[in-house]
Amino acid sequence: MFFKRRTTAIDWIIAGLGNPGKKYEHTRHNVGFDALDLAAERWNIPVKRSKFDALSGDGAVDGRRVLLLKPQTFMNLSGKSLVKATEYYKVPAERVIVLCDDVNLKPGVLRIRASGSDGGHNGLKSLITFLGEDFPRVRIGVGDKPHPDYDMADWVTGKPSAADKKLIESRYGDIEGALRLLMAGQPDEAMARYNGAPK
């Protein structure tokens, strides 16, 4: 008798949001990808497998099975990738953590929330369409456009200045620590420790 092979149980999904392709590497909109890359490196989880319209990798972190995702659908369709993964592994929205940029926060400022609205972010808007609002997110400040007439699309797909880049990248280690706390069921501790500007 043949049995269907059982899929690996996944406790948490962590998704970094961004746009695929060399053109968008290390831009403001791709800080979610970059922050996820640092966590993946520390956890020794390669994010290279093509699945769920994303680059993915899974492994163990503090005894929990974790799937790391970098959707390759472009930012405003990120939800299509995430919902495929959540349905496949039957992971509820409250166990999906999202990393994304935020132009309303100064460079290097973090805002960790257990749920909430999209705040005008197209990637979060897409996720909320599929998953609802009740998923934790880590918003990474990249700074607002320099003047009102500046095109927002050009701003977020541009690269930060050297000074801003340094501030943003200085928080990637904090984000990795926040992810561990969120997965451990300590969102209040994660917020208290890491929300706000670099210490």
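**View 1. Lys22 and its salt-bridge partner Glu25.** Lys22 counts as exposed, at 69% relative accessibility, where exposed means over 50% relative accessible area, buried under 20% and partly exposed in between (1.4 Å probe, protein chains only). Its partner in a salt bridge is Glu25, with the closest N and O atoms 3.6 Å apart; the term requires a side-chain nitrogen of Lys or Arg within 4 Å of a carboxyl oxygen of Asp or Glu. Glu25 is partly exposed, its relative accessible area being 34%. The model is predicted, so that local features need pLDDT of at least 70 and side-chain atom pairs count only at pLDDT 80 or more, whereas totals for chains, interfaces and linings use all residues. Residues are numbered from 1 along each chain as its sequence is written, and side-chain values use heavy atoms, with hydrogens and water left out.

**View 2. The salt bridge between Glu176 and Arg42.** The closest N and O atoms of Glu176 and Arg42 are 3.3 Å apart in this salt bridge. Because Glu176 lies in helix H6 and Arg42 in helix H1 (residues 31–43), the pair ties together parts that are 134 residues apart in sequence; helices (H or I, at least four residues) and strands (E, at least two) are DSSP runs, numbered from the N terminus. Glu176 is buried, with a relative accessible area of 8%.

**View 3. The salt bridge between Arg139 and Asp102.** The side chains of Arg139 and Asp102 meet in a salt bridge at 2.8 Å, N to O. This pair links distant parts of the chain, with Arg139 in strand S7 and Asp102 in strand S5, 37 residues apart. Arg139 is buried at a relative accessible area of 9%, and Asp102 also counts as buried, at 4% relative accessibility. Elsewhere, salt bridges that share partners join Arg42, Asp62, Glu176 and Arg180 into one network, and the structure holds 12 salt bridges.

**View 4. The open sheet and the pairing of S5 with S7.** Seven strands form an open sheet in the order S2-S3-S4-S1-S5-S7-S6, with mixed pairing, two strands being paired if DSSP finds at least two bridges between them. Strand S2 (49–51) and strand S6 (110–113) are the edge strands, each pairing on one side only. The twist averages 25° from one strand to the next, with axes fitted as lines to C-alpha atoms, for helices over the stretch in contact, and angles running from 0 to 180 degrees between N-to-C directions. Strand S5 (residues 96–102) and strand S7 (residues 137–141) run parallel and are joined by five bridges; the bridge partner of Val98 in S7 is Arg137.
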